[in-house]
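Look at the sequence and the fold before reading on.

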Amino acid sequence: MLDREAATPLSWGNVALAASMLAINVAISGALRLNLEWQIIIAGARCFVQLTVLGLVLERVFSTESAVVVFGMTGILGGLAALEVSEWKAKRTVKGMFWITFVSIFGSAITVGLIGAALAMNFDPPFIASKFIPVMGMLFGNTIVGVTLGMESVLAAVDQRRDAIETMLCFGASRWESLRPIAVEAARTAMIPSITAMSITGLISIPGMMSGQILGGADVMDAARYQQVIVFMISASVALGVVISVNSAAFIVVDGQPQLRPERIVNKANFVTSKSASGSRTPGSTRSGHSIVHLKAWKKPAVVLG
C-alpha cells in the first residue's frame with residue numbers, strides 16, 4: 001500500500017509566488033504587441049478575489065445541513081453563470097437573454113446534478129453541501145461554454161442567412177422547418193468541445209477533480225471513478241443546456257406568425273455604430289424593416305412541389 005499523506009497547507013505567500021508567474025503572460029503579450037496586458041492582470045485579480053470570497057462563503061455554507069441554504073447557494077452560482085454569459089461573453093444578445101441562459105444553465109445542471117448525486121455518486125441526501133455544491137460548480141462551468149457557443153452560433157447564423165430563412169417562410173415553411181438546419185448546426189458546434197474533452201480525458205492530461213483528490217490523499221482508483229462520473233454528468237448537462245438555449249434563441253428571432261425578426265438581435269460589437277447610423281435612415285429603409293413588411297404582404301401560397 002502507498003503511504004498517502006494529507007495535502008500540504010498553502011499560505012498566501014504560495015499564492016503570490018504562483019501569481020507572479022503571470023508575468024510570463026504579460027511579457028509575451030508585450031513582446032508580441034497583443035495588447036492583452038490589462039486583460040491578464042484584471043483576470044488574475046478577479047480570480048484571486050472571487051476564489052477568496054467563495055472560500056469564505058463556502059466555509060459557512062458547508063457547516064449547514066439546510067437544503068434551503070444549499071439550493072440558495074446553487075441558485076446564486078447559476079445566476080452568476082447566466083450573468084457571465086448574457087452580459088460579458090455573448091457577442092450577440094436577444095431580449096430575455098439572461099433568463100434564457102439561466103434556465104438553460106441552471107435547469108440542465110440541477111437536473112443532472114441531483115440525479116447524478118443520488119444515483120451515481122451515492123450522496124445521502126443528494127444535496128450534502130460540501131459535495132453537492134462543488135459538483136454543481138463544475139457542471140455550471142462547463143455548461144456555460146456549451147450554452148455560449150450554441151447561442152452565438154444560432155444568432156450569427158440567423159443574422160447571416162436572413163434571405164434563406166425569409167424565402168422558406170414565404171413559401172410556407174413552418175417556424176421549425178425554417179430554423180431546423182440552423183439549430184442543428186448550432187447544437188453540433190456547441191456539443192463538440194464536451195465530446196472531445198470526454199474522449200481525451202485521462203489520455204493527455206489528468207483532469208482537475210482527479211488531480212485534486214489525489215493531492216488530497218484519496219485512493220487513485222476512487223479518484224478515477226469519481227472523475228468518470230463527473231465527465232459523464234458534464235456531457236449530459238451541456239447537451240441539455242445547449243438544446244434549451246439554442247431553441248429558445250431561435251424561436252425568439254422567428255416569431256409565431258411565423259416572421260423573421262432580425263431586429264431582436266443586438267450585436268454588441270456594432271451597437272454604437274448601428275445606433276448612430278440608424279438616425280440617418282428613413283423609416284422602413286432598414287433591411288429588417290423591409291423584410292417584415294415584405295413578409296406581411298405575402299400570404300402562404302399553396303405550392304405543390306413535385
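Q: Over the face of which residue does R46 lie?
A: This is a predicted model, in which local features need pLDDT of at least 70, side-chain atom pairs count only at pLDDT 80 or more, and totals for chains, interfaces and linings use all residues. Residues are numbered from 1 along each chain as its sequence is written, and side-chain values use heavy atoms, with hydrogens and water left out. A charge sits over a ring if NZ of Lys or CZ of Arg is within 6 Å of the ring centre and within 35 degrees of the ring normal. At 5.6 Å from the ring centre, R46 lies over the face of W88.

Q: Is E84 buried or exposed?
A: Buried means under 20% relative accessible area, exposed over 50%, partly exposed in between (1.4 Å probe, protein chains only). E84 has 17% relative accessibility, so E84 counts as buried.

Q: Which residues does E84 touch, not counting those up to four places away in sequence?
A: Contact means heavy atoms within 4.5 Å. With those sequence neighbours left out, E84 touches R46 and K89.

Q: How are the rings of W12 and F48 paired?
A: Rings of Phe, Tyr and Trp (its six-membered ring) pair if their centres lie within 6.5 Å; planes under 30 degrees apart count as stacked, over 60 as edge-to-face and the rest as tilted. The W12 and F48 centres are 5.7 Å apart and the planes are at 70°, so the pair is edge-to-face.

Q: Are F106 and F140 buried or exposed?
A: F106 and F140 form a stacked pair, 6.3 Å centre to centre with 25° between the planes. Both F106 and F140 are buried.
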